[in-house]
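Student: Could we go through this model together? I'd like to start with the aromatic side chains and then change topic.

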Amino acid sequence: MLAAMTVRAQSAFPLPADSVVIRSVRIDTGKAQLTGICMMRAEGDSVLGSMVNEFGIKAFDFIADRTKGKVRLFNIVSFLDKWYIRRTVAADLAYLLTARIGDESKKYSLSVDAGATTLKNLKRHITYEFSPLRNDCDDSNNTSNEIRE
Amino acid sequence: MKKLLFILLALVSLTVRAEKLTAVDADRQNQMVATINKAASAMTSMQCGFTQAKQLKMLNDKMTSTGTMHYKQGNRLRWQYTSPYTYTFLLNGTKVMMDSGKKRSVIDVKTNKMFQEIARIMMNSVTGKCLTDTKSFSVKMYTSASGAWVADLTPLNKQMRQMFTKVRLYFNLKTQMVDRVELHEKSGDNTVILLQNIKKNQTINDSVFKID
């Protein structure tokens with residue numbers, strides 16, 4: 001029973017504390033598909049993240065409060081900066097980052113397969129897939145390429 | 001002694017990171033732009049490797065990706081990321097193909113104004129022709145302490161301005177070609193792309209740009 005309770009408490013999308021996690025992202029809305037890269041770091045009860053396309057152009061930044069189950073988006077690229085997109089994406093990310101293994105929801109389905117996490121917004125028919133990058137990524141503060149100002 | 005060494009290293013590092021740029025006057029700027037333009041016009045092809053470092057202010061961290069670039073006269077450009085993810089942007093004439101491994105799409109730039117712009121700006125940045133693209137950018141030229149020519153491009157187009165506050169190009173004086181691109185964003189993030197092992201005017205097989 002104790003083991004069951006431990007499993008019940010596990011996050012469905014675990015993020016190690018204070019290290020940057022990088023995931024390849026695919027968002028399928030039925031009408032359109034977007035791909036990109038998501039970088040996230042858990043800091044206490046918060047998760048800080050940035051979503052960029054493969055060229056490095058930013059889609060948006062976000063801060064998630066895992067205890068309140070809230071996500072705030074900012075620095076949003078203009079074509080995504082619509083209230084209904086902001087509201088949907090923020091709510092979907094909030095569910096992803098706060099859901100526990102075994103949670104059941106009428107609005108969402110969440111599955112993990114071969115390291116890839118798939119979240120489906122059943123009401124809006126949007127699928128988010130977060131999968132590990134093909135290669136190991138250099139997510140350290142690499143200093144080999146100096147930035148000139 | 002250790003303290004002194006640390007201070008020296010910090011100073012050296014500061015010098016590298018804050019390279020002084022000197023603005024040039026209008027006549028000199030016109031000369032520099034003409035020289036770069038001449039070199040760009042004489043270029044029939046170009047291939048190189050690149051390292052792209054994306055600095056994310058929010059995470060105080062950097063993501064580095066690498067890949068290869070091929071350019072050939074006649075609106076042909078292949079920009080391919082090979083690590084840590086695979087992604088290909090291929091422009092051939094009026095067609096653009098994007099392949100992320102999970103999703104592959106082909107777009108006719110004639111029917112999509114945004115892609116027409118992206119394709120034009122990518123091509124012109126690589127060749128250096130963007131210095132005369134007065135519709136898209138206002139340009140200010142500088143010389144750096146290390147001798148490079150530097151162009152600061154401020155986007156004029158509303159869509160571009162929402163993405164970048166400034167695009168900075170570094171030109172290698174020997175080759176008169178771009179070897180470093182910096183993209184500065186409104187959010188404080190920036191992207192630095194270093195072009196390496198640049199080969200100019202060498203034969204590139206047309207199959208590199210083939211879009212099925």
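Student: Which residues do ring pairs link into a cluster?
Tutor: In this predicted model, ring pairs link A:F55, B:F50, B:W79, B:Y81, B:Y85, B:Y87 and B:F89 into a cluster.

Student: And how many aromatic pairs are there over all chains?
Tutor: The count over all chains comes to 11 aromatic pairs. In one of them, the ring centres of A:F55 and B:Y81 are 5.9 Å apart with the planes at 75°, and because planes over 60 degrees apart count as edge-to-face, that is the class of this pair.

Student: Where do A:F55 and B:Y81 lie?
Tutor: A:F55 is in the loop between β3 (46–52) and β4 (58–65) of chain A, whereas B:Y81 belongs to strand β4 (residues 76–83) of chain B, so the pair joins two chains.

Student: Are A:F55 and B:Y81 buried or exposed?
Tutor: Both A:F55 and B:Y81 are buried.

Student: What about A:F55 and B:Y87, how are those rings arranged?
Tutor: Their centres are 5.7 Å apart and their planes stand at 85°, so A:F55 and B:Y87 also form an edge-to-face pair. This pair, too, crosses between chains, with B:Y87 in strand β5 (residues 87–92) of chain B, and both A:F55 and B:Y87 are buried.

Student: Changing topic, which residues gather in a patch of positive charge?
Tutor: On the surface, A:R87, A:K107, A:K123 and A:R124 gather in such a patch.

Student: Where is A:K123 placed, and why does A:K123 count as exposed?
Tutor: A:K123 is in the loop between β7 (116–121) and β8 (126–132) of chain A. A:K123 counts as exposed because its relative accessibility is 57%, and the cut-off for exposed is over 50%.

Methods:
Residues numbered from 1 in each chain as written. Chains lettered and ligands numbered in written order. Predicted model: local features only at pLDDT ≥ 70, side-chain atom pairs only at ≥ 80, totals over all residues. Heavy atoms only, no water. Patch = residues over 30% accessible without salt bridge, like charges linked within 9 Å, V, L, I, M, F, W, Y side chains within 5 Å. Areas by Shrake-Rupley, 256 points an atom, 1.4 Å probe, with all protein chains shown as cover. Salt bridge = Lys/Arg side-chain N within 4 Å of Asp/Glu carboxyl O. Lys, Arg positive; Asp, Glu negative; His and termini not counted. Charge placed at Lys NZ, Arg CZ, Asp CG, Glu CD. Helix = DSSP H or I, 4+ residues; strand = E, 2+ residues; numbered from the N terminus. Buried < 20%, exposed > 50% of the residue type's maximum accessible area, 1.4 Å probe, protein only. Phe/Tyr/Trp six-rings, centres within 6.5 Å; stacked < 30°, edge-to-face > 60°.
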